[in-house]
Each structure stands twice: as structure tokens, then as C-alpha cells.
Amino acid sequence: MSATSAVSKLDTLITTNPEWTAWLCVVREVAAELSSPSWDANPPRTAVTSDLTPLLAGAVLRPDDRAVARLLDRLSGVARTQGLHALAGDVEHAQEKSSDAALAVFLAAVNGDHLALDLRASRTGASPEGMRTLAQLLPMPYLHACARHWASSPVSNWSQGYCPVCGAWPAFAELRGVERARHLRCGRCGVGWPMPVLACIYCATTDHETLGSLVVDDKKSRFALDVCRGCSGYLKSYTTLQATPADEVLATDLASVEFDLAAIERGFLQPPGPGFALRASLAVAGHVPPSAPRGL
Ligand SMILES: [Zn+2]
Ligand SMILES: [Zn+2]
């Protein structure tokens, strides 16, 4: 089953990179959920979108609040067990375990709302960066379910560098099959979209003098690095015969982290924010959304 293969990929990574064990054990909790149909029950209500706006822009998300709370509890619990207190903090107030608190983290992670996440970090004793790192995992199962919801009606004419579903920058580009057809893959919702044009996905330049590739001393690897000297952005590319299954994109991204480090060492980066700010909201049956004024 696919969930098993996503988890077993992470288990292999733990064996080959024991120094990453603590973080990979946290990721393992979410990897097992990415292909679970239990997140498919409540697809989002979408707003009007265009060729520039991802499907989730302005959407009303309807995740199962108890499932979100359980997942956050598990992620925090494993992080603490593994000694990653910068991610999960030291203290766990009853208030922080409520469904509303978990939904607030969920929405802040979806929207890239760092202020809301910093607030939770200060209450739990996590570091702001650690809290963001942990929180980004929380909405992934629901975002994967959203991507499955639209899988039968793929976005046509999408030519942006950011994800047509969730607005994130891609984790890597795939060069698929013998013809090496280029597709971008989202590490957040798992979706893939064709991007045949060799342009910088961040600043859109097609200037061949500005675009280039970095040689990383690993001749056996199927990964390479594309860079843009105009905006200093980089993107990993991955040569593969077939599309990476959606729930394995995260593990494949982590398996090639030395290429991220090589790019960063040479002064290249990925933009810290999302490609498109979603400004999504929440509606959960029987619950007042955490951001709504009480008493309405
Ligand atoms: Zn996405
Ligand atoms: Zn660029």
C-alpha cells in the first residue's frame, strides 16, 4: 500500500542517516496519514479562482477538527519524546490541546501566518522557527485530500511556478520518462503540474546567461540543481521514469536534503514565504472557527 511505502522510505532514510532520526520520526507520523481516505470526507468550498490563483485561495476549509487535534497531539508528543523541545515546547496546557487551538495552528500553517504560530510558540516554550517547522506538517493530510478531490479535473493552462492547489513553491522538478518531461511537484499537497518551459519559477526569467545549474559531487544521484543568478533562487530536479506517488514527495524531498544544503552553501535559496498567500478560512461543523468573534 502506498502509505506503507511512504513510511518505509522514511524508515530507510533513518537507517542511512541516523543523525536525522528525531525529525524523521516526527515526519513519519504525518507520512502515514497522507494517503488516508479518512481526510477526504469534507472537501473545501472554493472561491472564484483564475489562471493566477490556486484552487485553495480564499477557500473555506472544512477539516475534521478532532482528527486535526489528534494529529497535532501526536506530532507534539513524538517531538517531545525525541527531545525536539524547540519544535513542541516543554509545557502542554489543557488549552493548547483543544480542537480550537489545533485548528488555529492548522489555519496559521495553511496561510503562512507566522504571528499566530509565534504566539503558540511563546505559550508552549517552543522556538518560533521550531513551531513553524512542526506546524507545517499539520495541514498536509487535508491538503493531500484536497489535491485528490481535484485529481479528476486537473488544472489546465496552469503556468505558474507555485502550486495550483495550495500555492506553495515546489519541492523539486521531475524529469519524467525517456523524454524527460518536466513536472513540478508540491511538497505540501503532493500535486504535480507540467512546466516544460525552462524559466526561473521564482522570477520568470528565461535568460540563459542568468539560468544555470550547480554541479554537486555525487555522480550516482538522480538529483541536480537548477539555479537563477538573477533572483538567487534554486530548484532541485529529479530524474525518474515515473511520477513520484503523491505521499512520497515529502520523503523524496527529505532524501535529497544534501542538495538543498549545497545550494544554500553557495548562496542560493528558496523564498521563505509561499508562492501565493491563500488567505483561506475555516468552517467546522458544530464549532466556531477560532478566528471568528465569539457571540456571533
Ligand atoms: Zn500544493
Ligand atoms: Zn529567478
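Methionine 195 is buried, because 20 other C-beta atoms lie within 10 Å; a residue counts as buried with 20 or more such atoms around its own C-beta, as exposed with 12 or fewer, and as partly exposed in between, the C-beta atoms being placed from the backbone. The model is predicted: local features need pLDDT of at least 70, side-chain atom pairs count only at pLDDT 80 or more, and totals for chains, interfaces and linings use all residues. Residues are numbered from 1 along each chain as its sequence is written, while chains are lettered from A and ligands numbered from 1 in the order in which they are written.

Methionine 195 sits in the loop between β4 (192-194) and β5 (211-214). Helices (H or I, at least four residues) and strands (E, at least two) are DSSP runs, numbered from the N terminus. Leaving aside residues up to four places away in sequence, methionine 195 touches Ala173, Arg182, His183 and Leu184; contact requires C-beta atoms, placed from the backbone, within 7 Å. Arginine 74 is 121 residues from methionine 195 in sequence, and their C-alpha atoms are 37 Å apart in space.

The chain is assigned domain 1 (2-146 + 278-282) and domain 2 (155-265), with bounds from an automatic or database domain assignment. Over C-alpha atoms, the two domain centres are separated by 23 Å. Contact between the domains involves 22 residues of domain 1 and 19 residues of domain 2. On the domain 1 side, α1 (2-16), α2 (21-31) and α8 (140-149) each supply at least two residues, and α1 gives the largest share, seven residues.

Within the chain, helix α3 (residues 65-81) and helix α5 (residues 99-111) have axes that come within 8 Å and cross at roughly 80 degrees; the axes are lines fitted to C-alpha atoms over the stretch in contact, with angles from 0 to 180 degrees between N-to-C directions. Therefore α3 is roughly perpendicular to α5, a label for angles of 65 to 115 degrees. Asp65, Arg66, Val68, Ala69 and Leu72 in α3 meet Ser99, Ala102, Leu103, Val105 and Phe106 in α5.

Helix α5 is mostly covered, with ten of its 13 residues buried. Among the buried residues are Leu107, Ala108, Ala109 and Val110. Their cover includes β1 (60-61), α3, α6 (114-124), α7 (128-135) and β8 (281-282). Just after α5, glycine 112 takes a positive phi of about 65 degrees.

Conventions
Two residues are in contact if their C-beta atoms, placed from the backbone, lie within 7 Å. Angles under 35 degrees count as roughly parallel, over 145 as roughly antiparallel, 65 to 115 as roughly perpendicular and the rest as oblique.
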